Amino acid sequence: MPATSVSADPEPTAARSRHRLAALAILVLPCLGAATAAPAGEIPRFVEESTAAGIDHRFEGDKTYMVGGGVAAFDCDGDDRPDLHLSGGAAPAALYQNRSSSGAALRFEDAGARWGFDGGDEWTTAFSAVWEAGNAWPTLVFGNYIDRARYRANTFACHDHYLYRPKKGGGYGGRQSLTPGYCALSILFSDWNRRGAADLRVSNDKDYFDKGSEQLWRFQPGQEPRAYGPEHGLEAMRINGMGIAGHDVTGNGFPEYFLTNMGANPLLGLLGTGSKPQYRDIAERLGVATPRPPGPAASRPSTAWHAEFQDVDNDGRIDLWVVKGNVADLPRFALKDPNALLRQGVDGRFSDIASEAGVASDRRGRGGALIDLNGDGLLDMVVVNRWDNTEVWRNVGGGSAEAPQPLGNWLSVRLRSAGGNVHGIGAWIEVSTGERVQRREVTIGGGHAGGQLGWNHFGIGAHDAAEVRVLWPGGKTEPWRRHAANGVIVVGGD
């Protein structure tokens with residue numbers, strides 16, 4: 001992988017830890033470059049290497065920790081490799097540093113007081129951020145679940161969510177409530193109708209509220225957020241909302257939203273041209289609803305948590321990965337509920353290849369990440385499990401652990417922008433191979449209790465090059481530029 005320098009955020013977030021991801025030093029492979037690809041249509045293979053990678057981490061705890069257990073993948077030390085922060089619940093969280101040689105301890109500063117930031121003491125389960133127009137600092141929203149005091153008394157009430165908007169000159173002037181809150185497990189700032197500004201989608205757990213539904217909040221600079229409702233075209237939807245994955249799956253220019261659930265998972269496709277937030281569920285039509293696990297356990301519904309759209313076989317068509325697992329031992333739901341890896345075919349429909357790919361784990365999965373851990377252009381998998389060890393699978397493509405083989409060509413796009421929004425959150429990246437254009441919105445949030453920052457992966461199949469452009473927040477558009485396949489490119493903006 002070509003070396004690139006990375007601009008660090010101006011202030012590190014609160015944490016202090018020291019770990020090494022020892023096995024990933026062993027797994028680091030030279031860039032596969034233009035190596036001969038495996039035959040088109042071959043299923044990618046994954047090798048489980050958690051123990052070899054030095055991963056010894058579980059998401060622990062009683063019913064207070066039935067949700068959560070996420071993965072944050074980001075380059076915390078500027079060496080162009082993704083490091084992993086794993087939540088622990090009742091157990092300690094862990095920061096695993098992805099290094100190929102011994103390194104110094106990390107140093108972080110708790111800057112909350114200096115920034116005017118109070119994280120509160122709620123049962124926080126979701127987070128998303130966006131840079132609103134004119135601000136050098138991000139707007140932050142923390143989604144909260146059940147009021148813990150009432151939960152301990154076996155009565156249920158949902159917390160409001162909390163919004164932090166920056167002051168002029170930086171820092172925050174306190175927090176304000178987004179009310180009502182309906183026990184959110186995932187939130188995502190996303191420009192759903194491509195108007196040039198992101199709104200906030202909130203996915204809620206219907207088991208803990210009486211009146212409410214999935215939510216969409218309209219954000220405009222200088223104005224108070226307002227919730228869309230039926231009068232604005234948003235129909236009520238009540239699900240056990242746990243995770244959000246957004247992507248332009250159909251190629252119509254607008255993102256669709258996959259919402260994880262207990263039972264069938266909806267995929268919301270926008271109707272019309274975006275004047276109203278009107279959606280229809282296209283999950284069954286595309287084969288991604290996956291309401292029940294395969295095999296003998298199919299008599300009971302699935303429980304899905306984290307979801308992510310990525311191209312795991314680099315064929316230029318987006319795939320969908322869904323982490324599943326029973327809440328604990330709920331008998332109404334499948335006790336053995338393997339993760340699903342849904343590969344998109346040439347007809348646009350998806351089929352589950354998790355078993356053939358070797359990733360159909362039936363542990364109690366929670367959060368996850370699909371990210372290239374070793375720089376070979378193949379996306380690897382990380383899953384945090386409740387009461388069981390975190391799993392890491394290395395993607396070996398069409399080959400084996402000893403001899404990985406690419407299934408298609410790829411590009412990894414990193415954005416570098418001046419000012420506070422150094423990673424270009426809110427930008428759209430477009431990659432064209434002539435026959436089609438792939439579009440990816442750069443966001444922070446969604447999934448389940450985790451997220452990724454820094455790398456934007458695109459498979460381009462048999463093409464040895466692709467054209468790339470970036471549509472930056474604020475309206476500036478980079479010109480199309482041609483880039484050779486199988487490497488990292490850095491696109492900088494003003």
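## Leucine 216

Leucine 216 is part of strand S11, residues 215-218; strands here are DSSP runs of E with at least two residues, helices are runs of H or I with at least four, and both are numbered from the N terminus. The model is predicted: local features need pLDDT of at least 70 and side-chain atom pairs count only at pLDDT 80 or more, while totals for chains, interfaces and linings use all residues. Residues are numbered from 1 along each chain as its sequence is written, and side-chain values use heavy atoms, with hydrogens and water left out.

Leucine 216 has 3% relative accessibility and therefore counts as buried (buried is under 20% relative accessible area, exposed over 50%, partly exposed in between, with a 1.4 Å probe and protein chains only). Apart from neighbours within four places in sequence, leucine 216 is in contact with Trp192, Asp199, Leu200, Arg201, Arg226, Ala227, Tyr228, Leu234 and Pro277; contact means heavy atoms within 4.5 Å. One of these residues, arginine 226, is ten residues away along the chain, with 8.6 Å between its C-alpha atom and that of leucine 216.

## Aromatic pairs

Rings of Phe, Tyr and Trp (its six-membered ring) pair if their centres lie within 6.5 Å; planes under 30 degrees apart count as stacked, over 60 as edge-to-face and the rest as tilted. The count by this rule is 16 aromatic pairs. In the pair of tyrosine 182 and phenylalanine 209, the centres are 5.3 Å apart and the planes stand at 45°, so this pair is tilted. Tyrosine 182 lies in the loop between strand S8 (176-178) and strand S9 (184-190), and phenylalanine 209 in the loop between strand S10 (199-204) and S11, so the pair ties together parts that are 27 residues apart in sequence. Tyrosine 182 and phenylalanine 209 are buried.

Phenylalanine 189 and phenylalanine 219 form an edge-to-face pair, with 5.1 Å from centre to centre and 80° between the planes. Phenylalanine 189 belongs to strand S9 and phenylalanine 219 to the loop between S11 and strand S12 (226-227), which places the partners 30 residues apart. Both of these phenylalanines are buried. Elsewhere, ring pairs link Trp115, Phe117, Phe127, Trp137, Phe142, Tyr164 and Tyr172 into a cluster.

## A four-stranded sheet

Four strands form an open antiparallel sheet in the order S1-S23-S22-S21; two strands pair if DSSP finds at least two bridges between them. Strand S1 (45-48) and strand S21 (365-371) are at the edges with a single partner strand each, so one side of each has no neighbour in the sheet. On average, neighbouring strands of the sheet are turned by 20° against each other, direction ignored (axes are lines fitted to C-alpha atoms, for helices over the stretch in contact, and angles run from 0 to 180 degrees between N-to-C directions).

S21 and strand S22 (residues 380-385) run antiparallel and are joined by five bridges, with leucine 370 opposite methionine 381 of S22. Strand S23 (residues 388-397) pairs with S22 over four bridges, also in the antiparallel sense, and asparagine 385 stands opposite aspartate 388 in S23. S22 and S23 make a hairpin with two residues between them, where tryptophan 387 in the turn has a positive phi of about 60°. Six of the six residues of S22 are buried: Asp380, Val382 and Val384 on one face, Met381, Val383 and Asn385 on the other.

## Nonpolar cores

A nonpolar core is a set of buried Ala, Val, Leu, Ile, Met, Phe, Trp, Tyr and Cys residues joined through side-chain atoms within 4.5 Å. The largest has 24 residues, and Val413, Leu415, Ile429, Val431, Val468, Val470 and Val491 have the most contacts inside it. Two or more residues come from each of strand S7 (161-164), strand S24 (409-417), strand S25 (428-432), strand S28 (456-461), strand S29 (465-471) and strand S31 (487-493). A second, separate core has 18 residues, including Ala245, Val249, Ile282 and Leu342.

Valine 470 touches Leu415, Ala427, Trp428, Ile429, Lys476, Thr477, Glu478 and Val491, not counting residues up to four places away in sequence.

## The whole chain

The protein chain has five helices and 31 strands. Of its 494 residues, 56% count as buried. Among contacts between residues at least 6 apart in sequence, 61% join residues at least 24 apart.
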